[in-house]
Amino acid sequence: MPISKHDKQALADLFINMGVPLVVAMQTVESWSGGEVEALPQRAEKLSRLLNISVEFATKITKKLEIRDAYTLENVRGKIIRIVTPIMAESYVSGGEVPSEESLSDLTDLFDVLISFAESVSPTDEKGSKPTKMATMIEACEPILSIIMDDDKGLGTEKAFKESVAGLKARAEQLAPKLGLDHAIESGLFKSLVSIYVTCYKAGENIDAIWQSCDERFAIIQGLTAFVAEKANIKTDTPPVASEKSTPPTQEEKKIEKPEAQTDEKSDDDDDGDFNPMSFFSAGG
């Protein structure tokens, strides 16, 4: 019987999202063994164990979301597996052996914290199921989980994770209106800040230095965006000027003065209406 399109995609996802990171992890560990290479059956058995522990852990996490719709369950479980597998790969590299269920207790606790956070910031509306939005939020936070599992900067994994997520959420909500965004989380801004944070986290010696480095970069991005917005006449969070009148304008007040006749001359402040917001990158200094 020919394989269905759905099953073909499932096999492709298995290869890309699970097989590749786990095999790379196995190769990394093998490279430390002084040149000794395991036979193919041993490699296959080890990969099978890594796949099983990844699927079992992802299934356990997915059950915590209490999803009843089959389509949503499949969609969310796929997202969770994509999150869990790289973490399992990193755990294998750091420990040199297939992680046991007992060794993953700290990771389970972190996912409980993450699920609680995702639930608190995922809105309930008709644009998508809440579990799917929660899974997307969990996926956005996966890089934070990975770096903290590797190095908690002396804070403890749970505290480091909570402080990281809370700090990024607060900064995203503060930046959103300044960038003309209505939603700090749904717009993808939070996920973008996570990428910057992870880079700063890896380079920083302590949490204070990490946040200082992040805030400097966030300020640069905000300033750059404000410059582009001004040049392109894009309004962000500039409050509208309040009218001095509390009553509707009269007919006379509604009359608009006729514009002056256009001339061929352009003032220095008269920008082209077709301004390209990115053109300043190539402008001469």
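Tyr 197 and Tyr 201 are both buried (under 20% relative accessible area, with exposed meaning over 50% and partly exposed in between; 1.4 Å probe, protein chains only). The model is a predicted one, in which local features need pLDDT of at least 70 and side-chain atom pairs count only at pLDDT 80 or more, while totals for chains, interfaces and linings use all residues. Residues are numbered from 1 along each chain as its sequence is written, and side-chain values use heavy atoms, with hydrogens and water left out.

Tyr 197 has a relative accessible area of 0%. Tyr 197 and Trp 211 form a tilted aromatic pair, 4.8 Å centre to centre with 40° between the planes. Rings of Phe, Tyr and Trp (its six-membered ring) pair if their centres lie within 6.5 Å; planes under 30 degrees apart count as stacked, over 60 as edge-to-face and the rest as tilted. Because Tyr 197 lies in helix H7 and Trp 211 in helix H8 (residues 207–231), this pair ties together parts that are 14 residues apart in sequence. Helices (H or I, at least four residues) and strands (E, at least two) are DSSP runs, numbered from the N terminus. Trp 211 is buried too, at 12% relative accessible area.

By the ring rule, the count comes to 4 aromatic pairs. Another of them is Tyr 197 with Tyr 201, also tilted, at 5.7 Å centre to centre and 55° between the planes. These two tyrosines are 4 residues apart in H7 (residues 189–203), so about one helical turn separates them.

Lys 153 lies over the face of Tyr 201, at 5.0 Å from the ring centre. Arg 171 lies over the face of Trp 211, at 4.0 Å from the ring centre.

Helix H5 covers residues 130–150, and its end C-alpha atoms are 30 Å apart, which agrees with the 30 Å that its 21 residues should span (1.5 Å times one less than the number of residues). H5 bends by about 40° at Cys 141, and Pro 143 follows within four residues. The bend is the angle between axes fitted to the seven residues ending at a residue and the seven starting there. Of the 21 residues of H5, 15 are buried.

The protein chain as a whole has 9 helices and 0 strands. Of its 285 residues, 32% count as buried.

Definitions and conventions: A charge sits over a ring if NZ of Lys or CZ of Arg is within 6 Å of the ring centre and within 35 degrees of the ring normal.
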